[in-house]
Structure formats: structure tokens, C-alpha cells
Amino acid sequence: MKSPGIRLTAVLAVVLCSQLTGQQSSASNTVAPPRDYPIKPVPFTAVHLTDAFWAPRIETNRKVTIPFAFQKCEETGRVANFVHAAEALRGQISNQDRKIPPYPFDDTDIYKVIEGASYTLSVKPDPVLESYIDGLILKIGAAQEKDGYLYTARTIDPAHPHQWSGAHRWEEEEVLSHELYNLGHLYEAAVAYYQATGKRSLLEIALKTANLLCDTFGPGKKTIWPGHQIVEMGLVKLYRVTGDERYLNLAKFMLDARGPGGSSYNQANLKVVDQTEAVGHAVRATYMYSGMADVAAMTGDTAYVHAIDTIWENVVRKKLYISGGIGATGAGEAFGANYELPNLTAYNETCASIGNDFWNERLFLLHGDSKYIDVMERTLYNGLISGVSLDGKSFFYQNPLESNGRKARSPWFGVACCPGNITRFMASVPGYVYAVAGDTLYVNLFAGGNAEIPMGGRTLKIVQETRYPWEGNVRISIDPGKPGSFAIKVRIPGWARGEPVPSDLYRFVDDPHEPVCVRVNGRNVPIHLDEGYVTLNGEWKRGDAITLDLPMPVRRIAANSQVAADRGRVALERGPIVYAAEGVDSPTHRVRNLLLPEDAKLTAAYRPDLLNGVEVIEGRALSLAYDAQGKVVRSAVRFTAIPYYAWANRGRDEMVVWIPDSASAAKPVPSPTLAMASKVTASSGGGRVTGEGMEKHPEAVNDGDEPSSSSDPASYFDWWPEKGKTEWIEYDFPKTSTVSGVQVYWFDDTGRGEVRVPASWRVLYKDGDAWKPVRSAGPWGVERDKYNAVAFRAVTTSSLRLELTMQVGWSAGVQKWKVE
Ligand SMILES: [Zn+2]
């Protein structure tokens, strides 16, 4: 680069480029739309990562997760559903095969894994995989009805479809049926497979369904909006591939048909252009905002852009976890109220993190501001990849920021949206590194590898060398093919500029004063930021190099004081990585009782042997416990924190992200009681694991945590969905003990679920092999929000049983059970 050419400019003309784009597009398989995003991502097919962080993950996704997910789709009957639907269409189905899938959206899991597999095929041909997918596509095609309708949950048994599907097509779509959700994922898969292989087989199936939609819905026809969004994004992809404007128009029609007066659960409470706050189901929400961005880019609709910009401000100011996760509450898998960001019960669905990144990437492509990449990067390195284990074979559906030691990853879920979503997202990660607008290259993410980027009539070759995210030195070598003048905009991440998120929701509490440094061919460049970028404008020639030095000290982060769950606590971050303390690294196996003094010295060290190689944070902390007299005892312990994304790869353990740094927030370990020392079991009624992988453990009733109310969702046990039954929970004492009273704190989720205080209850003790009721005058209280104490004539026994009978039509549960 000729040095006089270096200057800093506020660039970004909106260029309608003839170059073909789309996150997943390859040049030969799309039709350039007349309007598009002003900035185009450099497709992942043009970016080859060779680094130690992403390249092995992408390879694990290709070699382990994708085959594993296909295998699970086979084992769980998701593939057979298509076969049976085809048999039903031919009138050849046996009665036993007329079995409706457990969930009406089970078809999507196959579509998602096909999409992920297609992305891998477009960078690494694999004839065996391709032929397997061809076989799946034949099965999918055979399950399609004559007019294009494709939905196994009805076709298998049209007279008795899935209970959520309605008696007729589409009639339950806006609530439960997920017919359009299935099609949206089909479109994404079909476009991906077409672009990867050039084969139109799945695309033709998809277009046939889309044509059915165009014939059925639209102005002058029926009106509909999707109960679970994604078809909007899918239709825009079909439009990109075919140039057929009907698909784009239908996407816009479905967005405009939404609200007002509907449920906020699926964002139908208001017209989409009138929405200002992120509400309801977080995955649906982010898919809708992404679809609005797509339609806005293609149509120039500024009202859509205004709405999603406003909603984004709400999320980033009030509803975003430090991990980048969103969707705080399990009730409706939804955004909570402003600043409602609990840690132990944080829902943070993996799919919502993926949706958050789809949405932020699109906002960047619309606006060119790096603040969207800041949010995207935070989510990507923390609350998104936490959703898959390091070995690629087990998953999180929820990504909480604290664990009481009872949460573990699962190889699959009844509702299996997250694993399939991981397969498609992980395969496309290189597509988020660079973007282009006219003669300007954006370097958004830092990852070692090379890229060949068509830009302004040249092919620009870029090589990045870096150990990011563990080290902040990045060298970007440039080969412009022929010398020429263009701009390179290098993102200076928010975390390196003293701003963890682009709002006042989180702030660094320390100030290490280490400057960011940018050099071109060894010469320092003054740092003038333009929307978070340093713009390097000039004549570039082969051999030019940009070097970037982003200091990565260990940082402490505090949350806005309105976030109750984080008061008196700090999170640790280094570079883009958020840290967590996990029990397995603590000498006591406990971390929820830690206190990290403000002056505790923390250092970082690379541990190649740990968790596939991670930078850990080490120091000393205080471990707190109550003694028998109720006094808090402090002892100094070795402190280790690992990257949050890597927790739960070594078994079940306690985990915290937000660590108390003030005694008021600390949670000393309670002094042991007879109940806490007991083995707890419960009658087997009720589901122990929900479709979404939430586990219920009877151990919750004696874990020493104190509930804030009967509805506190943090740590309880219930028998839902059993109703009106008699159930029990039992303590087996470590040794025969004399007891004369109990205290029970009932679980009751009125307003949210179907668990209420019981109709009646009693306590039994073990006498030999027999269970006998204790003698007491009662009262056997069923008050909410407090302990209900009952004294009884003392018994000496090895085991005590709490037996309850539920109210008719309701379930029951126990928060805590103490024994005296
Ligand atoms: Zn999911």
C-alpha cells in the first residue's frame, strides 16, 4: 500500500451491485434481485478457515454432528414419517403405520440437517453423503400431495391428523399447526442443496409447495400469517433463486397480515410495523425480525426497518444476556420483561441465539454499523456454541448462566429444533467473517484462514493469521490481484473499545488502559472510528499487510443495576469470551458460594490439554459456608474460570457466570441438615424430562436453596403432567434418626402452569417394612409462599415419606421439605 493513500473516510455509498449474493449463495445459482442489501456477505464458500478455534468445530459438525443428527432423525421415526405419508397417499399404509408424529414440526429436523449437510457439501464434496440426501429427497417428494401440500402430520392420517393440526389445512396455522414453519425450513434446505449441488430435486418440491401457497393466499385470496415464523426468510430465498416476485410478495403479505389484537406469544399483538418491544417466543421473534430485514432489503420498505431498529434497541438495552443469549423465561420460551434476566432459570434457547445472529447480521447488512457485529460476535462465541458439546454429540436446548449441578447436555430432544439448527449454523460460520459493499471490504470477524473475494472487478485474496479468540494479534495480508484503490474497513470490537455491548446494560468496571493498535505495513494508523471501523483507504498492492493488536486483559463486567439477578456480582470476560466458574475446577466442587474480592488478582493462562484448548482465568477467591451456629465461615480457595461455552463437557456440576464480589450477593453453603444429608426419591408419576430437555430432580427439595415464593421456578420438583393423583416423595436418612416435625414449602405455578398446592397431605414413617402415618393433630397446611409446619409424635425411623393428593384437575409439587 502506498502510504499517502491512507486516509480515514466515512464511506458507504449504497451500491446496487450486480454481483450475486446471499449468505449461502454461490454465483451460478441465484438471480440478482433488482434491490438487495447494500452490503453483501462474502459467502462461506469463498472463506476457508484454517484456525484452531473454528476449523475443528466446523469439521466436527461435518463429521460427527451431521451424521449423528441424521441417525437420530432415522431412529426417532422422523424419516419414516415421510415414508408413511407416501404410503398413505398411495393407499398402501397399514393401520399400525398410520401413526402421527409426536410433534407436527418433526419434518423440520430433517430439512435443517439437509441444509447443514448441503453447506458442507458446497465446500467439501462427499458422494456418500450426497447420495444419502438424494434418497431422503425421494422420500420427501413421495410424501408431497398432488397439489403441492407437504405435511406428514396430516397426510399420514388425514381423518385423524395431529391434534394441533386442525381438521382442515391451515385452519390452525396461526396457533399450533406449524404447516408454514415446516415449509420455511424446507425452502432453506432446498435452496442450500440446489446451490451446493446444482440439483433441482428438492427445489422443485419446495417450489411446488410455494406455488400452492401463492395460489391460496394473498390479496383477494385467503389471509394467513405463520404461527411460527421462518417461511418469510425461506420465501425470500426462493425469490433470490428464481427471481419470481410472487414469493417476495407473499412473504410481505404474511408479515403485513400479522396483528393487531393477537397474542404476543407469536408477535401478533400489533402490526409488525407498530412493534417496538421484543416480546413472546424468542425464536419466532428473531426469525420474524430477520424476515422483515430480508423483505425490507428487497423492497426498500423503511417502516419495517424502523420497527426492527426500535426492537433491537429494546433487546440490546434491556433483554440481552452477557452471553448474547436471549429469551429469559421458560414460560412460552419467551423474552421476559425489561431487565428480567435471571441466571439459574435463564432459558436462552440455542435456536434463539442462532436467530439473534441471523437478525444482527442482517441489520449490519442494512446499516453497515459494527454494533450489530458486536452483538453477533458475543452471541456466537458464547451463548450459541454453548449449545453443542465439544465432541459434537450432545446439546443444550436452554443455556442458563448458572447451574445448581443438576443440568446436563442431552444427545437429542423430543422437540429437536436446536441440534438441527446447530448443524446448519456451524457449517455457515465462515460466511460471517467478511462483507463487501462496492469497493469496500469489511473485516468483521477474526479467524485464521484465507478468502478469495470478488470485489469491484478483481478477486481480492486475503489471508488472516491470528490465534483469536485467545490472542488479539491479527495479521491480514492482502493480494488485490492487480494493484488498485479500495477501502478496507477493519472492525474494532466493542469489547476492545471499553463497551461490552452497545448500550448501558453492561459495563466494564475496570480500565486497563491498553490501547488498540492498527498498523499498515508496520506503520501506525491513527484510530478514528467510523461506525466501529477503522477505514483504510488507498492503493493496495500484493504483500501489503494490516496488523491489528487488540489487548486482551481479564476484564470484570457489571450489569445495569436494574438487573436484579446480577446485583453485587461481576462477570469475567477476556476478548470476546465470557467466562464461567464450574464445580469440577473448584477444590470444593462448589462455585455458587464463591465470593470474588474486588482486588483479587486474576491472570489468564492457555491450557492446551483442557477442553480442546482454552484460555483459563485463575486466581484466588473465598468459599463461603454457614457453620452449625449459623455463622458464615470464609476460606480462601483456588479459583479457576473456563470459557462459558465449554461448561458441561465434564459431567454435571455447579456453574456460575455472575460471581458475587460483594458479601450481600454471596450465597454461603447452608449448614448440613438431616434432610440435606438424605437420599431423596419420588413416586414415578410425571415426566422427568420435558420435550425441551428440562429435567426435574427430586433432589431439588433438599438442596438447601430458599425459594422466594411458591412460584419460584429456580429449584423445585413436581409431578406435572399427572393430575388429581396421590404421589409421594421420600427421604432415606443416612442413619436411623428421631424426628418430630416437618416443614413443607409447596410449589404452585398459578398464572403460568397447571401445578397447585395439594388437596391434602400426610407424613408416613418406615416401621420395619411397613409405612405408617405419623400421629399429629395437624393442621396439614397448604398455604402458598411459606413453610407449612406440622409437629407430630416423635418417631425413630430410617425413612420418612411425604404423601400428597392433588386437587382434582391439577398437578402438585414441592419447593422444599425440611425435617426436624
Ligand atoms: Zn431450538
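Predicted model: local features only at pLDDT ≥ 70, side-chain atom pairs only at ≥ 80, totals over all residues.
Let's start with the zinc ion. Which residues donate to the zinc ion? The protein donors are Glu349 through OE, and Cys351, Cys417 and Cys418 through SG. They lie 2.1 to 2.3 Å from the zinc ion. Along the chain, the donors follow the spacing E-x1-C-x65-C-C. Now the geometry. The 4 donor atoms subtend angles of 92 to 117 degrees around the zinc ion, and that makes the arrangement tetrahedral.

How accessible are these donors? The cut-off for buried is under 20% relative accessible area. Glutamate 349 counts as buried because its relative accessibility is 3%. Cysteine 351 is buried as well, at 2%. Cysteine 417 has a relative accessible area of 9%, so this residue is also buried. Cysteine 417 belongs to helix H14, residues 417–427. One distance for that residue. Alanine 437 is 20 residues from cysteine 417 along the chain, and their C-alpha atoms are separated by 34 Å.

Now to backbone angles. Asparagine 348 is not a glycine, yet has a positive phi of about 45 degrees. Where does asparagine 348 sit? Its place is in the loop between H11 and H12. The relative accessible area of asparagine 348 is 1%, so this residue is buried. Glutamate 333 is another non-glycine residue with a positive phi, about 45 degrees. Glutamate 333 lies in the loop between helix H11, residues 302–318, and helix H12, residues 350–367. At 13% relative accessible area, glutamate 333 is buried.

Next, cis peptide bonds. Glycine 259 to proline 260 is cis, with omega near -5 degrees. Proline 260 lies in the loop between helix H9, 245–256, and helix H10, 282–299. Glycine 778 and proline 779 are also joined by a cis bond, with omega about 0 degrees. Here the loop runs between strand E29, 770–773, and strand E30, 788–805, and holds proline 779.

On to the sheets. An open sheet of 7 strands runs in the order E2-E6-E7-E8-E15-E11-E12. Its pairing is antiparallel. E2 and strand E12, 523–524, stand at the edges. Each has a single partner strand, so one side of each is left without a neighbour in the sheet.

Let's step along it. Strand E2, residues 47–49, pairs with E6 over 3 bridges, in the antiparallel sense. Valine 47 stands opposite alanine 451 in E6. E6 then pairs with strand E7, residues 458–466, antiparallel over 7 bridges. There, glutamate 452 has lysine 461 in E7 as its bridge partner. The hairpin of E6 and E7 has 2 residues between the strands, and glycine 456 takes a positive phi near 55 degrees in it. Further along, strand E8, residues 473–479, and strand E15, residues 544–549, pair antiparallel over 6 bridges. Isoleucine 478 has aspartate 544 in E15 as its bridge partner.

Which side chains of strand E6 are buried? Strand E6 covers residues 449–455, and its side chains alternate. Gly449, Ala451, Ile453 and Met455 point to one face and are buried.

Strand E9, residues 484–491, pairs with strand E14, residues 533–540, antiparallel over 8 bridges.

Of its 23 lining residues, the closest to the centre are Arg590, Arg592, Glu654, Asp703 and Asp705. The lining divides into 7 nonpolar, 8 polar and 8 charged residues.

How many cavities of 30 Å³ or more does the whole structure have? The search finds 5. The second largest cavity has about 50 Å³ of space. Its lining is Asp374, Glu377, Arg378, Arg491, Gly494, Trp495, Pro500, Glu573 and Pro576. Helix H13, residues 371–384, supplies the largest share, 3 residues. By type, the cavity lining has 3 nonpolar, 1 polar and 5 charged residues.

Terms used: Residues numbered from 1 in each chain as written. Heavy atoms only, no water. 1 Å grid on protein atoms, 1.4 Å probe; cavity = no way out; pocket = protein on both sides within 12 Å on 5 of 7 lines; lining within 4 Å. Nonpolar A, V, L, I, M, F, W, Y, C, P; charged D, E, K, R; others polar. Buried < 20%, exposed > 50% of the residue type's maximum accessible area, 1.4 Å probe, protein only. Helix = DSSP H or I, 4+ residues; strand = E, 2+ residues; numbered from the N terminus. Pairing = 2+ DSSP bridges. Donors = N, O, S within 2.8 Å, 3.2 Å for Na, K, Ca; no water. Tetrahedral: all angles 85-135°; square planar, octahedral: opposite > 155°, others 65-115°. Points joined across faces, edges and corners; volume = space filled by probe spheres on them.
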